[in-house]
Structure formats: structure tokens, C-alpha cells
Amino acid sequence: MTNVTLITGDGIGPEIAEATRRCIDATGADIKWEIAEAGVDIMETKGTPLPQETIDSVRKNGVALKAPITTPVGTGFRSINVHLRQELDLFACLRPCKSYKGVRSKYSDIDLVIVRENTEDLYAGIEYEKGKDDTIELINWINKHSKRPVSNTTGISIKPISVEGTEKIVRFAFDYAQKMNRRKVTSVHKANIMKFSDGLWLEVSRKVATDYPDIEFEDRIVDNMCMQLIQKPELYDVIVLPNLYGDILSDLCAGLVGGLGVAPGANIGEKGAIFEATHGSAPKYAGQNKVNPTALILSGVLMLAHLDMQSEARMLEKAVAAVISEGKDVTYDMKANRNDPTAVGTQEMADAIIAKIKSF
Ligand code: NAD
């Protein structure tokens with residue numbers, strides 16, 4: 001029996017969490033769910049959107065399935081998602097993008113995986129606001145040591161890329177490729193311009209690649225990568241990127257396969273992993289049993305694979321693919337016409353997936 005924390009979230013979170021839990025249980029996966037709360041709904045009773053017991057539960061179990069959570073605006077609370085990633089040092093963001101027959105998209109036969117570094121780069125939060133004393137001090141230092149003058153009206157965001165951070169994420173990408181029988185890793189950068197940050201990233205990527213002779217390695221400059229992904233996405237397999245490029249290209253790739261409704265994700269660290277849909281809490285649909293549970297269910301597939309429950313993972317993915325491909329018991333967003341009266345609700349789509357599992 002494996003203990004898994006189920007964070008039910010807010011907005012549409014509880015509905016899609018319930019649908020996903022039922023589908024995973026139907027595979028026979030030997031999982032004991034520990035329900036934990038987070039989000040704006042529990043702020044009033046607990047005084048925080050992220051109670052300590054939720055963090056403790058993920059720490060203890062090492063694995064969580066997390067439904068979306070609203071980022072409270074104007075309350076003084078920072079993003080709960082970012083907080084959880086930092087608390088648990090989840091340095092890798094995994095976003096598989098795969099075409100499923102029946103999902104409307106301009107492309108078919110895409111099967112690639114984005115591996116994004118989650119902690120460094122321009123998202124590290126090292127920023128200096130225009131006109132502040134610290135910023136002026138920094139600008140004075142730069143003007144003393146650099147040949148390129150920086151004006152006093154400048155705001156500055158720092159882009160740290162370390163050897164250890166790069167090595168950890170590139171190794172993660174290769175290990176994932178090895179475990180999932182993937183053939184190639186592509187490292188993305190802008191080393192021709194940012195020689196000391198992206199240049200370091202590329203140098204470390206090349207060094208790590210030599211430890212994996214059975215997996216092909218190549219690198220691409222990020223602008224070229226964007227064009228290649230639009231023109232020939234079938235050439236790519238596992239793509240590893242620093243934080244900012246990873247953020248942008250993972251949405252680009254989600255777009256290639258039909259959008260956020262079918263985009264699963266995971267944030268993974270050495271001591272824990274949180275599996276979650278890419279989309280948010282869509283508060284306007286909360287409580288209506290209307291939205292598509294697919295992205296969270298596919299995140300459940302990733303979770304089962306992570307737990308080495310490979311046959312359960314395959315079974316669940318096959319069932320989801322079959323239901324989507326038939327196009328009958330799917331939510332409104334998967335119908336050709338969004339007002340199609342034959343669209344089913346969240347739980348009914350889960351029922352159809354469960355029926356497929358039982359029929360295998
Ligand atoms: P969103 O993804 O919640 O919703 C945008 C639109 O996408 C919705 O109005 C809906 O039309 C559609 N949509 C989203 N999920 C869907 C689904 N499962 N089925 C069908 N349609 C779906 O994005 P937003 O409105 O920008 O964000 C709402 C809140 O969610 C914000 O507070 C944001 O910070 C938060 N958020 C949380 C996460 C997370 O928990 N990981 C991720 C992104 C956004």
C-alpha cells in the first residue's frame with residue numbers, strides 16, 4: 001500500500017480531484033489517499049491557504065496529486081503553488097505533450113516531454129527595483145566593472161544559472177529518458193548571446209550527456225527551437241530547458257496538442273513529487289460538474305508511472321485515450337460545438353473512463 005497525499009484545491013479542484021481519484025482507484029492501484037487541504041476555501045477556517053499539515057503530509061508521503069489552487073489576490077499571501085515547490089525543493093517540472101486522437105489540434109502524432117528547471121534563472125526572484133538604494137548601489141558597481149554603462153533609471157532581474165542546478169536538471173532529463181525508453185534529449189539555450197549563464201548550461205549539458213551514451217544528445221538555440229517545434233515537432237523527444245524558456249515552451253507545446261485541458265504536469269524533487277494539471281482553478285465553473293478532468297487524470301498517469309505502477313498507468317492512459325477518441329462521453333470543451341447538448345459532466349466522463357478500464 002502506497003500513501004499519497006490528495007490536495008483537493010479550490011474552484012473546480014475538488015470536482016476534478018474526485019473524478020481523478022475514482023479513475024485511479026478503478027485501475028486497482030494499491031493507493032491509500034490522505035486528503036489534505038490548500039487554497040482560498042480553507043483560508044477562513046485555517047487562517048492560511050497552505051496549512052502546515054498539508055506540507056507535512058506531502059513531506060511524509062513523498063508523493064501528492066494536487067488539484068488547482070487559486071492564487072489569492074491582494075491578501076498578502078504569495079502563490080501557494082510556488083510556496084509548495086520551494087518548501088519541497090521541487091526542482092524539475094515535467095510536462096509531457098502528446099497527441100490523442102479526438103482532441104482538436106493542427107498537429108497529430110506529437111509525443112514530446114518538456115523538462116523545465118524550476119528554481120534558478122530569471123525566476124529565482126532576485127530583482128532590484130528602479131531607483132531603490134540597493135539598485136543604485138548595484139548599478140554603480142556594474143558601471144565600475146563593466147564596459148557597458150547601465151542607466152540609473154534601470155530595473156534589474158538577475159539570471160543565476162549554476163553548475164549544480166544545471167547538472168541536476170539535465171541528469172533528471174536523461175534519467176527520465178532512460179526510465180521511459182525515450183531516444184533523445186535536446187538541451188535548449190541561448191549560449192551564443194548569454195555566454196556565462198546559458199553558455200554554462202550548454203557546457204554542463206554536454207558533460208552530463210557523456211554519461212548516457214545510449215541516449216542521443218543535441219542542443220538547440222531557443223529561437224530556432226520555437227520554429228522547429230512548429231515546423232517539425234515530430235523530430236523531438238525529451239527537451240530540457242532553463243526556467244524561463246521552459247515556462248514559455250511548455251505552453252507552446254501544450255498548444256501543439258490541443259491546449260491546457262489535456263496538459264498534465266508534475267513538479268519533482270529529490271524528496272517529493274507533486275502531480276498536477278497545467279490549467280488553473282477556473283473559479284467561474286466551480287461546483288457545476290462541467291469541466292474536463294482529463295489533464296488531472298493524465299497527471300495521475302504520470303504519478304502511477306513515477307510510483308512504478310506501470311501497468312496501472314498504461315491502463316488508465318489507454319482508457320482516457322479511448323473515451324476521448326470515441327468523442328461521446330466527453331465534456332463540452334472537447335465537442336466540436338461547445339454548446340453541444342450531448343456533452344457530459346466531469347463525473348460522467350470519469351464514469352466512462354472507469355467503464356473502459358473495467359472492459360479491458
Ligand atoms: P484557468 O486555467 O483556471 O482558466 C482559464 C480558462 O480555461 C477557464 O475559464 C476555462 O474556460 C478554461 N479551463 C481551465 N481548466 C479547464 C478544464 N479543466 N476544463 C475546461 N475548461 C477549462 O486560468 P486562470 O483563470 O488564469 O486562473 C484561475 C486561477 O487559477 C488563478 O488564481 C491562477 O493563479 C490559478 N492557477 C493555478 C494553477 C495551479 O494550481 N497549478 C495553475 C494556473 C493557474
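This is a predicted model: local features need pLDDT of at least 70, side-chain atom pairs count only at pLDDT 80 or more; totals for chains, interfaces and linings use all residues.

**Exercise 1.** Determine which residues line the largest cavity and which elements supply them.

*Solution.* Step one: the structure holds 1 cavity of 30 Å³ or more, and about 30 Å³ of space lies in the largest cavity. Step two: its lining consists of Lys66, Asn81, Leu84, Arg85, Leu90, Asn267, Ile274 and Glu276. Step three: α4 (80-87) and β12 (273-277) are the elements that give two or more residues to this lining, and the largest share, 3 residues, comes from α4. Step four: by class, the lining residues are 3 nonpolar, 2 polar and 3 charged.

**Exercise 2.** Characterise the aromatic pair of phenylalanine 91 and phenylalanine 172.

*Solution.* Step one: the ring centres are 6.0 Å apart with 80° between the planes; planes over 60 degrees apart count as edge-to-face, so this pair is edge-to-face. Step two: phenylalanine 91 lies in the loop between α4 and β4 (92-98) and phenylalanine 172 in helix α6 (residues 163-179), so the pair ties together parts 81 residues apart in sequence. Step three: buried means under 20% relative accessible area; phenylalanine 91 has 6% and is buried, and phenylalanine 172, at 15%, also counts as buried. Step four: the charged end of lysine 168 sits over the ring of phenylalanine 91, 4.6 Å from its centre.

**Exercise 3.** Are tyrosine 285 and tyrosine 332 buried or exposed, and which lysine lies over the face of tyrosine 332?

*Solution.* Step one: both tyrosine 285 and tyrosine 332 are buried. Step two: lysine 290 lies over the face of tyrosine 332, at 4.3 Å from the ring centre.

Key:
Residues are numbered from 1 along each chain as its sequence is written. Side-chain values use heavy atoms; hydrogens and water are left out. On a 1 Å grid over the protein atoms alone, a cavity is a set of points where a 1.4 Å probe fits but cannot get out, and a pocket is an open set with protein on both sides within 12 Å along at least five of seven lines; lining residues have an atom within 4 Å of a point. Grid points are joined across faces, edges and corners, and a volume is the space filled by probe spheres set on the points. Helices (H or I, at least four residues) and strands (E, at least two) are DSSP runs, numbered from the N terminus. Ala, Val, Leu, Ile, Met, Phe, Trp, Tyr, Cys and Pro count as nonpolar, Asp, Glu, Lys and Arg as charged, and the others, Gly among them, as polar. Rings of Phe, Tyr and Trp (its six-membered ring) pair if their centres lie within 6.5 Å; planes under 30 degrees apart count as stacked, over 60 as edge-to-face and the rest as tilted. Buried means under 20% relative accessible area, exposed over 50%, partly exposed in between (1.4 Å probe, protein chains only). A charge sits over a ring if NZ of Lys or CZ of Arg is within 6 Å of the ring centre and within 35 degrees of the ring normal.
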